[in-house]
Amino acid sequence: MADYGKPELECCLPMPTSVNKMYSTVRNHGRTRRIKSPDYREWQSRALSYLVPYGWKEPIRGDVALWCFVCFNDLRDSRQTMDIQNRIKATCDLLEVAGFYKNDKQIVDIRFQKGPTVTDIEHVLGGEGYISLRLWEVK
């Protein structure tokens with residue numbers, strides 16, 4: 001396993017919207033478009049507010065490593081029903097929007113792993129769980 005040293009960012013974010021619920025289809029004048037769903041926009045806005053204290057100044061220009069623990073709330077029977085793959089795109093896109101890197105194509109090492117099931121509701125951001133993440137510039 002690679003050792004990247006001290007992460008550029010280490011934080012917790014509310015559980016991302018599932019990729020299945022990120023976009024809505026709208027029809028306008030015979031054209032069909034995909035737009036961000038209201039749930040996704042709301043999550044992205046809330047998650048960005050968690051990143052404000054980190055005061056990111058410039059995007060990482062080189063390669064990036066992103067490791068995440070996805071911690072579901074056990075009250076929803078998460079070990080049986082939740083798919084962590086559905087949380088990857090929203091997390092990567094959020095970090096790009098927040099300016100931590102220019103493009104998620106820079107990610108050369110990505111790891112998403114189910115973390116411990118959350119049993120203390122006070123530690124659950126938004127009720128469904130949270131993502132604990134670490135981000136490094138790969139040198």
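The model is predicted. Follow the cartoon along the sequence and the order of elements reads β-β-β-α-β-α-α-β-β.

Of the 139 residues, 38% are buried.

Now hide the surface and select Leu9, Leu51, Leu66, Leu95, Tyr101, Leu133 and Leu135. These residues touch the most other members of the largest nonpolar core, a set of 28 residues. Colour by element to see the sources: E1 (9-14), H1 (38-51), E4 (63-72), H3 (88-97), E5 (107-114) and E6 (129-138) each supply at least two core residues. Strand E4 gives the largest share, 5 residues. In soluble globular proteins, nonpolar side chains tend to be buried together.

Centre on Leu95. Leaving aside residues up to four places away in sequence, Leu95 touches Leu9, Leu51, Leu66, Phe100, Tyr101 and Leu133.

Finish with helix H1. Its 14 residues should span 20 Å at 1.5 Å a residue, and the end C-alpha atoms are 20 Å apart, so the two values agree. Select Tyr40, Trp43, Gln44, Ala47 and Leu51, which are buried in H1. Look down the axis of H1: these buried residues fall within an arc of 100°, so they line one face of the helix. What covers them? The cover includes E1, E2 (23-28), E3 (31-36) and H3.

Key. Residues are numbered from 1 along each chain as its sequence is written. This is a predicted model: local features need pLDDT of at least 70, side-chain atom pairs count only at pLDDT 80 or more; totals for chains, interfaces and linings use all residues. Side-chain values use heavy atoms; hydrogens and water are left out. Helices (H or I, at least four residues) and strands (E, at least two) are DSSP runs, numbered from the N terminus. Buried means under 20% relative accessible area, exposed over 50%, partly exposed in between (1.4 Å probe, protein chains only). A nonpolar core is a set of buried Ala, Val, Leu, Ile, Met, Phe, Trp, Tyr and Cys residues joined through side-chain atoms within 4.5 Å. Contact means heavy atoms within 4.5 Å. The expected span of a helix is 1.5 Å times one less than its number of residues. The arc is that of the directions from the helix axis to the C-beta atoms.
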